[in-house]
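Student: Hi! Could we go through this structure together? I'd like to start with charged side chains.

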Amino acid sequence: MYAFTSTDAAIHIAEEMVHPEKRLVQVLNMTLAIGFATTFPLLVVMMLSMTDVSRVINATLPYGELFLQVTGSKIVTTILMSWVTLALFSALIGQWITCGRLAWAFARDGGLPYSRFFASVNKRLAFPVRTTILALVFSCCYGLLYLVSTTAFNSIITGAVLFSNISYCMPQVIVALRGREHVLPQRAVNLGLIGRMCNYLSPIFVVVIAVLICFPPELPVTSKNINYTPAILVGFCAGIVVTWWVLGRNFEGPKIDWKLISVPGTFSDSR
């Protein structure tokens, strides 16, 4: 589930796409299809070939121990670990740029402190340099938490799954309560009944996941293995509320021409 937590990354650069109403749907679905097609067979092989679960759990590098048990070769294990590391580093660039664009869009709408400063776009590079650097600095500070407390760091990483799903869930709740026909404009892909089912089932799924994620990883609970996810969730919500009261009056929200979007034939004529 954590592997698919950033499938919405393409949405944050939709303004730079040609015909995003069609391309975004293709990108999101292809991401899920490719991820499942490549991950599920590997997962099955790993589960069937693993010989000692306890050693994998207690290893410093669990996936390294898992590769060693499956392949039985240190050379192959090194190659596979290098491949995973390369894949992670290659994904960092896209994630970094996406975070910078997301922060820039939020600053443009007046949602960040010093929004005017961070909403600036470098004219020579045609790129939001300031928010991209801001995303880099925040990520570096975020990573330093691992040096302070691995328990807190792991709780934040686990909470990232919960926070992302909550953010995905809120539009689903709004659409389910107000009705798809009253909220959604004309669109290139209309899921009809399937979309309605997703609107109702997604919040239920997120509630179940939220309860499970907030459970402690083991019993008895001690200061070393406690799950800080509930505390982090409350802290984030409190920070959001405070930020809203401080900066809410300056927040304008995205400027959308709903009349243009709702014009018949707007999407159907796209190529």
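Tutor: Happy to! The side chains of E65 and R55 meet in a salt bridge, 3.2 Å from N to O. A salt bridge here is a side-chain nitrogen of Lys or Arg within 4 Å of a carboxyl oxygen of Asp or Glu.

Student: Which parts does that pair tie together?

Tutor: E65 lies in helix α3 (residues 62-71) and R55 in helix α2 (residues 53-58), so the pair links parts ten residues apart in sequence. Helices are DSSP runs of H or I with at least four residues, numbered from the N terminus.

Student: How many salt bridges are found in the whole structure?

Tutor: Two. Keep in mind that this is a predicted model: local features need pLDDT of at least 70, side-chain atom pairs count only at pLDDT 80 or more, and totals for chains, interfaces and linings use all residues. Residues are numbered from 1 along each chain as its sequence is written, and side-chain values use heavy atoms, leaving out hydrogens and water.

Student: New topic: at what angle do α6 and α7 pack?

Tutor: Helix α6 (residues 129-148) and helix α7 (residues 150-178) pack at about 140°, with their axes 6 Å apart. Axes are lines fitted to C-alpha atoms over the stretch in contact, and angles run from 0 to 180 degrees between N-to-C directions.

Student: What does that make α6 relative to α7?

Tutor: Oblique, meaning not under 35 degrees (roughly parallel), over 145 (roughly antiparallel) or 65 to 115 (roughly perpendicular).

Notes
Helices (H or I, at least four residues) and strands (E, at least two) are DSSP runs, numbered from the N terminus.
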